[in-house]
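Please read each numbered point with the sequence and the model at hand.

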Amino acid sequence: MAASLRLRGAASGLLYWSRRQRPAAASLVAVCSRSMASKTPVGFIGVGNMGNPMAKNLMKHGYPLIIYDVFPDACKEFLDAGEQVVSSPADVAEKADRIITMLPTSINAIEAYSGANGILKKVKKGSLLIDSSTIDPMISKELAKEVEKMGAVFMDAPVSGGLHGNLELK
């Protein structure tokens, strides 16, 4: 991560970085964290129009997925690809400590997090919950407070560009 932060900047800074010898420990950390991250399941809740290509991109890059969507048909192609599909957001939280939510409305997000079978029922301390849903910012702030009470981390990560704005990992 430090390397990526150093890479941002003026062109002269990039040239300087490329000529510097990278410390062996930093290289090892970069390699180890990437290989370990690839083996760590990522929960994904909401695989509709926006979430589907995002989840597919993670799958393409080797991340095992734990999938949930209120519409079981939306999960079929992930199940067919060998990914694990579960029956509730709580089940996702039980099996993954990195969870992305991509939901269409505030009501959907509230239900996914705080509902009877919501993420907060089984979230583990230290879990990272990334919300890219299209929701009211005040709802996002309230969800963040509830998540923090459970000892997890909530990140509001809104996306833009609609269906054609999804970027691909390189």
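How does K145 count at 46% relative accessibility: buried, partly exposed or exposed? The residue counts as partly exposed. Please note that the model is a predicted one. The points below begin with the overall arrangement and return to K145 in point 7.

1. Overall composition. The protein chain contains 8 helices and 6 strands. Read from the N terminus, the order of elements is α-α-α-β-α-β-α-β-α-β-α-β-α-β. Of the 170 residues in the protein chain, 35% are buried. The accessible surface amounts to about 10,400 Å², and carbon and sulfur atoms account for 60% of that surface. Among contacts between residues at least 6 apart in sequence, 62% join residues at least 24 apart.

2. The sheet. The 6 strands form an open sheet with parallel pairing, in the order β3-β2-β1-β4-β5-β6. Its edge strands are β3 (84-85) and β6 (153-156), each of which pairs on one side only. In general, strands of a sheet pair through backbone hydrogen bonds. Strand β1 (residues 42-45) runs parallel to strand β4 (residues 98-101), and 3 bridges join the two. Within this pairing, F44 has I100 of β4 as its bridge partner.

3. Helix α4. This helix (residues 51-60) lies across β1, β2 (65-68) and β4, and it runs at about 165° to β1. Its buried residues include G51, N52, A55, N57 and L58. The cover over the buried residues of α4 includes β1, β2, α5 (76-80) and β4. After α4 comes G62, which has a positive phi, near 90°.

4. Helix α7. This helix (residues 106-114) lies across β1, β4, β5 (128-131) and β6, at about 170° to β5. Residues S106, A109, A112 and Y113 of α7 are buried. Because these residues cover an arc of only 130° around the axis, they are on the same side of α7. They pack against β1, α6 (89-95), β4, β5, α8 (137-149) and β6. The exposed residues I107 and E111 are carried on the face of α7 turned away from the buried side.

5. A salt bridge within α5. The structure holds 7 salt bridges. One of them joins D80 and K76, with the closest N and O atoms 2.9 Å apart. The two residues are 4 apart in helix α5, which means that about one helical turn separates them. D80 is exposed, at a relative accessible area of 56%, while K76 counts as partly exposed at 49%.

6. The side chains of D91 and K122 meet in a salt bridge at 3.7 Å, N to O. Since D91 lies in helix α6 and K122 in the loop between α7 and β5, the pair ties together parts that are 31 residues apart in sequence. D91 is buried, with a relative accessible area of 16%, whereas K122 is partly exposed at 36%.

7. E142 forms a salt bridge with K145, and their closest N and O atoms are 3.5 Å apart. E142 counts as partly exposed at 39% relative accessibility, and K145 counts as partly exposed at 46%. Elsewhere, salt bridges with shared partners join D91, E94 and K122 into one network.

Definitions and conventions. Residues are numbered from 1 along each chain as its sequence is written. This is a predicted model: local features need pLDDT of at least 70, side-chain atom pairs count only at pLDDT 80 or more; totals for chains, interfaces and linings use all residues. Side-chain values use heavy atoms; hydrogens and water are left out. Two strands pair if DSSP finds at least two bridges between them. Contact means heavy atoms within 4.5 Å. Axes are lines fitted to C-alpha atoms, for helices over the stretch in contact, and angles run from 0 to 180 degrees between N-to-C directions. Buried means under 20% relative accessible area, exposed over 50%, partly exposed in between (1.4 Å probe, protein chains only). Accessible areas come from the Shrake-Rupley method with a 1.4 Å probe; for residues, only the protein chains shown count as cover. The arc is that of the directions from the helix axis to the C-beta atoms. A salt bridge is a side-chain nitrogen of Lys or Arg within 4 Å of a carboxyl oxygen of Asp or Glu.
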